[in-house]
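Work through the exercises below with the model open. Each task is followed by a solution in steps.

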Amino acid sequence: MRHSRVKLGLLIAAVALGGVACSFKKMGVERMADAISATASTYSRDNDPEFVRLAAPSTLKMVEMLLDDSPSHRGLLLTACSGFTQYAYAFLQADAENLAAAAAREAWARTVRMYNRARDYCLRLLELNVPGARAALFKGDTSLLTRASRADVPALYWTAASWGGSISSSPIPLLRVGEVSTVRALMQRSLALDPEWEAGAIHEGMVAIEGLPGLAGGSSKRAREHFDKAVELSGGQSAFAYLAMATSVAQRARDRSEFERLLKAALAVDINKRPTLRLANLIAQKRAAALLARSPQLF
């Protein structure tokens with residue numbers, strides 16, 4: 001009897017210790033997840049895009065591994081959502097744009113896959129506060145977005161950015177024109193909830209959306225209004241605002257003079273005045289310089 005009690009005591013202890021071990025593991029994963037989530041701000045201040053290009057995949061893969069253990073960790077989901085979107089735009093899309101047609105095909109396909117990967121994480125994040133959003137949005141039903149609150153603005157914005165990037169990088173974007181209204185609704189909802197978010201980032205996104213042809217619901221007048229607001233909110237220190245206006249409005253209007261003026265304005269932004277925009281400005285300036293060099297061919 002005593003022997004049985006000892007065995008039972010050991011069994012209970014083992015179960016208890018197992019539970020403690022699981023708790024410690026969960027605590028460790030959560031702490032690591034919190035730390036990894038905080039890396040986004042570190043990257044945003046970096047002054048070496050090539051270094052970030054090499055480092056980002058490892059960080060993003062670590063995020064995915066941690067999400068296997070903490071699938072609803074908001075910080076990890078936001079990091080994956082925004083990180084994969086920015087990686088696709090800054091590096092994969094930039095590569096695809098500079099490759100010859102034959103070599104560019106797979107580069108563009110990879111870019112679309114990366115944007116879609118980002119969108120999946122964005123939708124998982126949005127689903128936490130707006131259940132059913134994923135299925136509804138894929139059907140083109142945006143009515144659930146009225147349930148989103150100001151806390152959902154990052155999820156709304158990055159879902160729109162990743163989805164829009166996927167559409168524009170597709171082999172035949174025209175075939176996906178029906179999805180543009182969903183992207184617009186996501187961006188408009190984020191704008192309604194927090195119009196000054198991230199020093200005018202949403203207005204920059206709206207420049208690209210309003211820069212679309214009229215048949216797709218675009219308006220150059222509205223694009224200019226959003227551009228002016230973006231410049232105001234960033235204090236003129238976001239190179240991407242000028243880049244977006246140049247490529248979405250001036251280039252489409254075949255206005256070479258404005259196109260080049262805007263690109264030069266992007267290049268004139270002092271990357272040290274707003275450290276949190278440093279990396280984004282460097283990436284935008286690199287693209288602006290490339291487009292300026294190609295201006296004679298583009299026009």
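pLDDT is the predictor's confidence in each residue, on a scale from 0 to 100. The model is predicted, and the mean pLDDT of the protein chain is 89, with 86% of its residues at 70 or more.

**Exercise 1. Confidence and contacts**

Task: State how many contacts beyond four places in sequence the model has for residues 5-17.

Solution: 
- Step 1. Over residues 5-17 the pLDDT stays under 50.
- Step 2. For this stretch the model has zero contacts beyond four places in sequence.
- Step 3. Residues 19-25 also have pLDDT below 50, with one contact beyond near neighbours in sequence.

**Exercise 2. Overall make-up**

Solution: 
- Step 1. Among contacts with a separation of 6 or more, 64% join residues 24 or more positions apart.

**Exercise 3. Helix H9**

Task: Decide whether helix H9 (residues 201-210) is mostly covered or mostly uncovered, and find what covers its buried residues.

Solution: 
- Step 1. Apply the cut-off for buried, under 20% relative accessible area.
- Step 2. Nine of the 10 residues of H9 are buried, and the helix is mostly covered.
- Step 3. The buried residues of H9 include His 203, Glu 204 and Glu 210, as well as Ile 202, Met 206, Val 207 and Ile 209.
- Step 4. The cover includes helices H7 (153-168), H8 (180-193), H10 (220-234) and H11 (239-250).

**Exercise 4. H5 against H7**

Task: Classify the packing of helix H5 (residues 101-129) on H7 by angle.

Solution: 
- Step 1. The axes lie 8 Å apart, at an angle of about 155 degrees.
- Step 2. Angles over 145 degrees count as roughly antiparallel, so H5 is roughly antiparallel to H7.
- Step 3. The crossing of H5 and H7 is left-handed.
- Step 4. H5 contributes residues including Tyr 115, Arg 119 and Leu 126, and H7 contributes residues including Trp 158, Ser 162 and Trp 163.
- Step 5. By class, this contact has 11 nonpolar, five polar and one charged residues.

**Exercise 5. H11 against H12**

Task: Repeat the analysis for H11 and helix H12 (residues 256-267).

Solution: 
- Step 1. The two axes come within 8 Å and cross at roughly 165 degrees.
- Step 2. H11 is therefore roughly antiparallel to H12.
- Step 3. H11 and H12 cross in a left-handed sense.
- Step 4. Among the residues in contact are Tyr 242, Leu 243 and Met 245 of H11, and Glu 258, Phe 259 and Leu 262 of H12.
- Step 5. The contact of H11 with H12 has 11 nonpolar residues, no polar ones and one charged.

Technical notes: Residues are numbered from 1 along each chain as its sequence is written. This is a predicted model: local features need pLDDT of at least 70, side-chain atom pairs count only at pLDDT 80 or more; totals for chains, interfaces and linings use all residues. Side-chain values use heavy atoms; hydrogens and water are left out. Buried means under 20% relative accessible area, exposed over 50%, partly exposed in between (1.4 Å probe, protein chains only). Helices (H or I, at least four residues) and strands (E, at least two) are DSSP runs, numbered from the N terminus. Contact means heavy atoms within 4.5 Å. Axes are lines fitted to C-alpha atoms, for helices over the stretch in contact, and angles run from 0 to 180 degrees between N-to-C directions. Angles under 35 degrees count as roughly parallel, over 145 as roughly antiparallel, 65 to 115 as roughly perpendicular and the rest as oblique. A crossing is left-handed if the near helix is turned anticlockwise from the far one by less than a right angle, and right-handed if clockwise. Ala, Val, Leu, Ile, Met, Phe, Trp, Tyr, Cys and Pro count as nonpolar, Asp, Glu, Lys and Arg as charged, and the others, Gly among them, as polar.
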